[in-house]
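Biologist: Could you walk me through the ligand site and the ring contacts here? I'll ask, you answer.

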Amino acid sequence: MTIAANIHQVQEHIASACARAGRDPRDVTLLAVSKTHPPAVILEAAAHLQHFGENRVEEAVTKIPAVMQQTDQPLVWHMVGHIQSRKARDVVALFSVVHSLDSVKLADRLSRLAVERDKTLDVLLEVNVSGEDAKYGFNGVNWSGDPAVREPLEQAVAHIAALPGLRLRGLMTMAPIVSDMEQTRPVFAALAGLRDALRQSLGLDLPDLSMGMTDDYPVAIEEGATIVRVGRAIFGARRTL
Ligand SMILES: *Cc1c(COP(=O)(O)O)cnc(C)c1O
C-alpha cells in the first residue's frame, strides 16, 4: 500500500468511528506520527495531511527544518515524546503543540522560553490513567475515587492554565498495549471523564483529548478523542535509526 492509500484507509476508519459515536469527523484531527521516517516519506504524506508528530528532539532538530525547506505547505509540528529540561529551548523553537507536558517544572520552563520567543505554545497535559506501561505523565489513576490523585492534578492544571506563553488545550494519554483494542476503552473513558471534571471544577475550556494510536484509535474516537496520533498505520513499520 502507498502512503496515500494508507492515509485514505485511516480516514475511512475515523469516519466510521465518528458515525458510530454520532460525531462529526471534522472534530477529529489525524496527527501523523512520523518518527524514524525520513523527510522524503513525510513530504509524501504532506500532500494529504497537515499535522505531523515527532517524539525525539534530537531527531526533530534536523528533520523538521529539512522537511520545511522542501515544502510550501504550512505543516504543524506536534511533540509527543518526553522532553528533557535541556531540550526545552529546541522544543519551543521547532514545535507548535506539545502533547507530552508531564511536569509543572517543564511547563514553567516552556512558558518562560515561549515568552522569550514571543510565541504561544499549545500544550496538553499527559496523564497516566491506566497505571500500566507509562513511564511519564501526571498520575491520574483512579482520579474519580481518590482526592489525593485529583487535587494535585487540579492544582497543576490551574497553575499551567495561568502561565503566559502557553495555551492549555486539554489532556493526552497513552493506553497500555493490549491484545484486544476493546480493553483500552476504560482508559480513554477515564481521560474523557477527567477532562470533564477539570472543566467543571476549574471553569476551563480544555477542548482537546489526544488519545488513540494505530492499534486503538477507533475506540479512542468513540470515547471522545479530538486528536489521534497514528504512526504505523500511515507509514508502516518504524525504521531503525
Ligand atoms: C509512536 C507514537 C505514536 C504512534 O504510534 P503507532 O502505534 O505507530 O500509531 C503515538 N503517540 C506517541 C506518544 C508515540 O510515541
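Biologist: How far does a backbone N or O atom of Gly 231 lie from an oxygen atom of the ligand?

Modeller: This is a predicted model, so local features need pLDDT of at least 70 and side-chain atom pairs pLDDT 80 or more, while totals for chains, interfaces and linings use all residues. Residues are numbered from 1 along each chain as its sequence is written, and side-chain values use heavy atoms, with hydrogens and water left out. A polar contact is a pair of N or O atoms within 3.5 Å. For the Gly 231 backbone and a ligand oxygen, the distance is 2.8 Å.

Biologist: How much of the ligand's accessible area does the protein cover?

Modeller: Areas come from the Shrake-Rupley method with a 1.4 Å probe. On its own the ligand has 390 Å² of accessible area, and the protein's share of cover is 95%.

Biologist: Which side chain has an N or O atom 2.5 Å from a ligand oxygen?

Modeller: Arg 238 has a side-chain N or O atom 2.7 Å from an oxygen of the ligand. The 2.5 Å distance belongs to the side chain of Thr 214.

Biologist: How many aromatic pairs turn up, and is the pair of Phe 52 and Trp 77 stacked, edge-to-face or tilted?

Modeller: Rings of Phe, Tyr and Trp (its six-membered ring) pair if their centres lie within 6.5 Å; planes under 30 degrees apart are stacked, over 60 edge-to-face, the rest tilted. The whole structure gives one aromatic pair. The centres of the Phe 52 and Trp 77 rings are 5.8 Å apart and their planes at 40°, so the pair is tilted.

Note on methods: A polar contact is a pair of N or O atoms within 3.5 Å; within protein, one must be able to donate a hydrogen and the other to accept it, and residues adjacent in sequence count only if both atoms are side-chain atoms.
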